[in-house]
Amino acid sequence: MSVNTSVVKNKIPAIFIGHGSPMNAIEDNPYTQAWEKLGKVLPRPSAILVISAHWYTRGTAVTSMLEPQTIHDFGGFPEALYQIEYPAPGSPELAQQVASLLAPEPIHLDEQEWGLDHGTWEILVRMYPEADIPVIQLSIDGSKPATWHYDLGKKLSVLREEGVLIMGSGNVVHNLRAMNWQNSHAEPYPWAISFEKFVYDNLQSHEMPHPLTKGLEREDGKLSNPSPEHYLPILPILGAWDGQEEISTPIEGIVSASLSMLSIQVG
């Protein structure tokens, strides 16, 4: 399916969503209600480019198939979750455009191996339940430094002027081992509060390199993110900021003591 690449009058916002548990695909809670609201108040995208924590690779890849599969990349959840399909079309044309924008970085055009993982479809099934907008995923290259991921957003930001919604999906605090699985309302750890505040306080920083590219070097950053993949997707979204647009936080909250649902909207 081709993408309408006509320039829109006002560029579409870019967003980072704290996606939390896969159960958000089927549960009704303040976070899923906020996702549904976002889908209604944001300008309708011509296509969606998602950078999900759950496609963590060596080297950079982009899905380039016409019909991306719905990947159930988790275990131990209710059967209803495995029955969800999100049959959004892909867009080989947009995938090729992304590869061109990121040149000379070698980008693998994935025509069959990946698809849409739960970091993508658990959000989109609430935002755009009709699954009628083309969706592609861009992997997170774990071999690259944080500044590279920030600069990625700068290179991709032109897509916003063509109506493409650039979405990062992860969690700025993501420590599953420390989570209180029995109590979603458990008091957040001091380090979780501290690190989330550091992120919040620096969203509109003009300092270069951007302070958030150094976040995982902090002690509270290491405690909040024992591995980097859920944190990194916020960086290209901030990289897509023009330095003047409003940056808002439409969703906030820490669940189970160590899982931040903080979400940001650029523009």
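The legends below describe close-up views of a predicted model.

**View 1. The largest pocket and the residues at its centre.**
The largest pocket holds about 720 Å³ of space. Its lining counts 33 residues, and those closest to the pocket centre are Gly 20, Ser 21, Met 179, Trp 181 and Leu 259. By class, 13 residues of this lining are nonpolar, 16 are polar and four are charged.

**View 2. Leu 259 and its contacts.**
Leu 259, one of the residues closest to the centre of the largest pocket, belongs to strand β13 (residues 259-260). With a relative accessible area of 5%, Leu 259 falls under the 20% limit and is therefore buried. Residues up to four places away in sequence aside, Leu 259 touches Gly 20, Ser 21, Asn 171, Val 173, His 174, Met 179, Gly 253 and Ile 254. Pro 43 is 216 residues from Leu 259 along the chain, and the C-alpha atoms of the two are separated by 29 Å.

Ser 256 is placed in the loop between β12 (254-255) and β13. Most residues other than glycine have a negative phi. Ser 256 is not a glycine, yet its phi is positive, at about 55 degrees. The relative accessible area of Ser 256 is 7%, under the 20% limit, so Ser 256 is buried.

**View 3. The largest cavity.**
One cavity of 30 Å³ or more is found in a search of the whole structure. The largest cavity contains about 40 Å³ of space. Leu 102, Trp 148, Asp 151, Leu 152 and Lys 155 line the cavity. Three of the lining residues are nonpolar and two are charged, with no polar residue.

Helix α5 spans residues 146-156, and its buried residues are Trp 148, His 149, Tyr 150, Leu 152, Gly 153 and Leu 156. Trp 148 and Leu 152 also take part in the lining of the largest cavity. An α-helix has 3.6 residues a turn, so residues three or four places apart point the same way. The cover over the buried residues of α5 includes strands β2 (47-52), β4 (60-63), β9 (140-141) and β10 (164-170), together with helices α3 (92-101) and α8 (234-239).

**View 6**
Seven aromatic pairs are present in the structure. One of them, between Phe 74 and Trp 121, is tilted, with 6.1 Å centre to centre and 55 degrees between the planes. Phe 74 comes from the loop between β5 (69-70) and α2 (79-82) and Trp 121 from helix α4 (residues 118-127), so that the pair joins distant parts of the chain, 47 residues apart. Both Phe 74 and Trp 121 are buried. A single aromatic cluster takes in Phe 74, Phe 77, Tyr 82 and Trp 121.

**View 4. Arg 218 over the ring of Phe 198.**
Arg 218 lies over the face of Phe 198, 4.0 Å from the ring centre.

Most peptide bonds are trans. The bond from Ala 103 to Pro 104 is cis, and its omega is near 10 degrees. Pro 104 sits in the loop between α3 and β6 (107-110). Met 208 and Pro 209 are likewise joined by a cis peptide bond, with omega about -5 degrees. The loop between α6 (190-201) and α7 (219-224) contains Pro 209.

**View 5. Ala 131, a residue with positive phi.**
Ala 131 is located in the loop between α4 and β8 (135-137). Its phi is near 55 degrees, a positive value in a residue other than glycine. Ala 131 counts as buried because its relative accessibility is 7%, under the 20% limit.

**View 6. Gly 59 and its contacts.**
Gly 59 lies in the loop between β3 (56-57) and β4. Its relative accessibility is 27%, between the limits of 20% and 50%, so Gly 59 counts as partly exposed. Neighbours within four places in sequence aside, Gly 59 is in contact with Ser 139, Asp 141 and Ser 143. Lys 144 is 85 residues from Gly 59 in sequence, and the two are 8.4 Å apart in space, C-alpha to C-alpha.

Conventions: Residues numbered from 1 in each chain as written. Predicted model: local features only at pLDDT ≥ 70, side-chain atom pairs only at ≥ 80, totals over all residues. Heavy atoms only, no water. 1 Å grid on protein atoms, 1.4 Å probe; cavity = no way out; pocket = protein on both sides within 12 Å on 5 of 7 lines; lining within 4 Å. Points joined across faces, edges and corners; volume = space filled by probe spheres on them. Nonpolar A, V, L, I, M, F, W, Y, C, P; charged D, E, K, R; others polar. Phe/Tyr/Trp six-rings, centres within 6.5 Å; stacked < 30°, edge-to-face > 60°. Helix = DSSP H or I, 4+ residues; strand = E, 2+ residues; numbered from the N terminus. Buried < 20%, exposed > 50% of the residue type's maximum accessible area, 1.4 Å probe, protein only. Lys NZ or Arg CZ within 6 Å of the ring centre and 35° of its normal. Contact = heavy atoms within 4.5 Å.
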